[in-house]
Amino acid sequence: MSQFTINLIFVGASFALYFGIAFWARAGSTKEFYVAGGGVHPVLNGMATAADWMSAASFISMAGLIAAGGYANSTFLMGWTGGYVLLAMLLAPYLRKFGKFTVPDFIGDRFYSRTARLVAVACLIIASVTYVIGQMTGAGVAFSRFLEVDNDTGLIIAAIVVFFYAVLGGMKGITYTQVAQYVVLIIAYTIPAVFISLQLTDTFIPAIGLFSNHTESGKPLLQKLDEVVRELGFRDYTADVDNKLNMVLFTLSLMIGTAGLPHVIIRFFTVPKVADARWSAGWALVFIALLYLTAPAVASMARLNLLSTIYPDGPTAQSIEYAERPDWIKNWETTGLIKFEDKNGDGRIELYNDTPAFEAEATARGWNGNELVVNRDILVLANPEIANLPSWVIGLIAAGGLAAALSTAAGLLLAISSAISHDLIKGTINPDITDKGELFAARVSMFVAIVVATYLGMNPPGFAAQVVALAFGIAAASIFPALMMGIFSKRVNSKGAVAGMLAGLISTLVYIFLFLGWFFIPGTASYANTPDNWLFGISPLSFGAIGAVINFSVAFLVSSMTEEPPKEIQDLVESVRYPQGAGKAVDH
C-alpha cells in the first residue's frame, strides 16, 4: 500500500469522525451555537480547550522554530504556557461569574458604552483574523504534503473543511469535534516522538531523552547537536540570546496575549458553573502539558536528524549527492516547501549558515552558497519520514497536524462570527433580530472571515507560529488590558477604556505594518524586518507588550481626568471580584 493511500485512510477516517460529530451535535439555537448550551463537562471542556489552544502553531510550527533557533526560540514555549496560567487564574473565573459569553459583551456592559463594545469587536476581529491566517498557513502545509498537492491548493481544501463543520455545528459541534481532535493530535504528536527518542537516545520518554546521551556518539544529545550546528556555521543550539530586552518583551507579549484570546475565553462559558470553569482550566493545563513537554525534544531531534541526513558521515565530511536524496526530500519538494539550487555545480546538497562569518570556511570547502531551503513549518510533519518510521506513523501525524490546525481555526471563526452577529448586529445595529436571523449572520460572517484568512494565508507575513505571535501581540495590546482593568479597577471608566484600547491597538498595528507590510500585503513594508531597523531592538513580534503598557497608561490617565464610573458599575465590579454566587451564562 502506498504512503499516499495510507495518508488518505488516516486523514479520511479522522475527517469522517469530525463531520459525523458536527452533524450529530449541530446547533439548533443561538445558545447552542455560541456556548454549546452551557452544559459541557469540565474534563471534556478542558480537552476541547487544549485542542482549541494547541493550534497549527503549537503542533506544526513551534517545534520547527525551536529547531531552527534553539534556546532563543524557547520563548514560544514559555510565553504560551505562562499565558494560559494567567488566563486560568486572573480572567476565566471572573468573566464566567460576570455571565456574558463574549469579550465585547463584557467590555460593553462593564464600561457601560456602545462605543467600547464596538472597539472591542474591532480588536477581536483583527486579532482573530490574524490568528486564523496562521492556522490556515499551517493547514495548507499539512494538506499540501499529505494530499500531494501544491501549498495553495492545500490551503483551499483546508478552508472548505473548516467552514463546513464550523458553520454546521457552532460551539456545540466544535466542542465535541475538538475533543476528538485533541485525542488525534496528542497521539499523533507523541508516538513519533517516542520512536525518534528511542532511535537517538534509547529513552522512550522524549522529554528525558532530550537530556540523555546520543546513542551513536555517546555524548549528551544537546552537546552533540551544538557540535554539529557549530561546524556548519550556525550558532550553538543552546547559545544564549544577545537581546534580552526583546526576549523578555516577546515572552510577555505571548503571555498577556494568551490571556486575552477571545476564542479561548469563550470556552469557559460552555460549563455550568464558575467552579467548573476553574476545573476546566486545570484539566486543560494537564492536556496542554503533554504536548508542550514533548515539543523541545521533538525540535532538537528533528534538527539533528535533518543535518545527519544531509551529512551522514558528519558535518566535516562530504554531503549527500542530490541524486541520492531520500524520498522525504523529494516528497516535500513537490509542495514547494523544500527548494534546492546547486550553486557550485557539484551535484551535492550543501546546507550551512551562509553568512560573512562563515564565508572563509565555505570557500575552503568549495561551497558557493547555501543550497537547501527548508520551510520551518514542515519539520514536525517530516520528522517521521526523516527518521524512516513506519508508514502508519506518517499517516497518523498527517491526521494530527490537520486536527491541530482545524480545531483552532474553527474556534477562531466562532469568536469572529459571535462578535459580528451577536455583539455588532444584535447588540448595536438591530437588537430585534430573530434567533434565525442571528444564526444566519453568524454563518455569513464565518464565510467572509475564512475567505479573507485563506487569501492572506497564501502570502503569510511569516511562518505559522510567527503569524500567530502577531495575533497574540494584538490581543495583548488591545483586549487583555481592558479585561484586567474591567475586573480589577473600579476607577477606569468608558472614556479611559476606549482611549486605551484604541491607543494600544493602533500603536501595535502601525509598528507591525511598518516591518511586515501594510495590512500584511506583500511588498508594502516601509522598512526591512531586521534588528538594525527595529526601535530599541524590539521586534514586531514583541511589540504587543509595549502596546499593553500604552493601553494601561492611556486608560488610567484619561479615567483620572474624567468622571468616575456610575455607582452601579463600581458595585458590579465588586460583585464580580468577590464570591457571592454566580448565575448561568446569559442567553440573549
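Colleague: What do the numbering and the values rest on?

Modeller: Residues are numbered from 1 along each chain as its sequence is written, and side-chain values use heavy atoms, without hydrogens and water. The model is predicted: local features need pLDDT of at least 70, side-chain atom pairs count only at pLDDT 80 or more, and totals for chains, interfaces and linings use all residues.

Colleague: Why are α18 and α19 called oblique to each other?

Modeller: Helix α18 (residues 391-429) and helix α19 (residues 435-457) pack at about 130°, with axes 8 Å apart. Angles under 35 degrees count as roughly parallel, over 145 as roughly antiparallel, 65 to 115 as roughly perpendicular and the rest as oblique. α18 and α19 are therefore oblique.

Colleague: Which residues of α18 and α19 make the contact?

Modeller: Contact means heavy atoms within 4.5 Å. Among them are L413, I416 and I420 of α18 and A441, S445 and A449 of α19.

Colleague: What makes α3 roughly perpendicular to α18?

Modeller: The axes of helix α3 (residues 42-53) and α18 cross at roughly 95° and come within 7 Å. By the ranges already given, that makes α3 roughly perpendicular to α18. A51, D52 and W53 of α3 meet S407, T408 and G411 of α18.

Colleague: Which residues of helix α10 are buried?

Modeller: Buried means under 20% relative accessible area, exposed over 50%, and partly exposed in between, with a 1.4 Å probe and protein chains only. In α10 (residues 221-231), L221, L222, L225, D226, V228 and V229 are buried. Just after α10, G233 takes a positive phi of about 85°.

Definitions and conventions
Axes fitted to C-alpha atoms, helices over the stretch in contact; angles between N-to-C directions. Helix = DSSP H or I, 4+ residues; strand = E, 2+ residues; numbered from the N terminus.
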